[in-house]
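Here is a short report on one helix and its surroundings. Look at the structure first, then read on.

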Amino acid sequence: MKATAKDLRFHTRELLESISRGEEVIITYRGKPHAKLIPFNSSSKLKEETTNPLRGIWRDHKESKDVYKYINNLRKGRQDVD
């Protein structure tokens, strides 16, 4: 299904209902496709992304295996060494 940016603005509910039925909606702007709306379903890839908040080059960073502990450690700042 195709819809214009104006349709998205004024008929959001109807487009979301179409998506919930499993349809994909291509949003066009000035006749050219700019976005694709697809149904949201939880897949294993999505679960992996939510369980591992680090991506890209940080994914294999050994010191940050526990992201929250690593960030808290960074936020502590430097301690005075006498």
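Helices here are DSSP runs of H or I with at least four residues, strands are runs of E with at least two, and both are numbered from the N terminus.

This is a predicted model: local features need pLDDT of at least 70, side-chain atom pairs count only at pLDDT 80 or more, and totals for chains, interfaces and linings use all residues. Residues are numbered from 1 along each chain as its sequence is written, and side-chain values use heavy atoms, with hydrogens and water left out.

## The buried face

Helix α2 spans residues 12-20, and its buried residues (under 20% relative accessible area) are Leu-15, Ser-18 and Ile-19. Seen down the axis of α2, they fall within an arc of 100° (taken from the directions from the axis to the C-beta atoms), so they line one face. They pack against β1 (2-4), α1 (5-10), β2 (25-29) and β3 (32-37).

Ser-18 counts as buried because its relative accessibility is 5%. Beyond neighbours within four places in sequence, Ser-18 is in contact (heavy atoms within 4.5 Å) with Met-1 and Glu-23.

## The core

Ala-3, Leu-15, Ile-19, Val-25 and Ile-27 form the largest nonpolar core. Such a core joins buried Ala, Val, Leu, Ile, Met, Phe, Trp, Tyr and Cys residues through side-chain atoms within 4.5 Å. Two or more of its residues come from each of α2 and β2.

## After the helix

Just past α2, Gly-22 has a positive phi of about 105°.

Key: Buried < 20%, exposed > 50% of the residue type's maximum accessible area, 1.4 Å probe, protein only.
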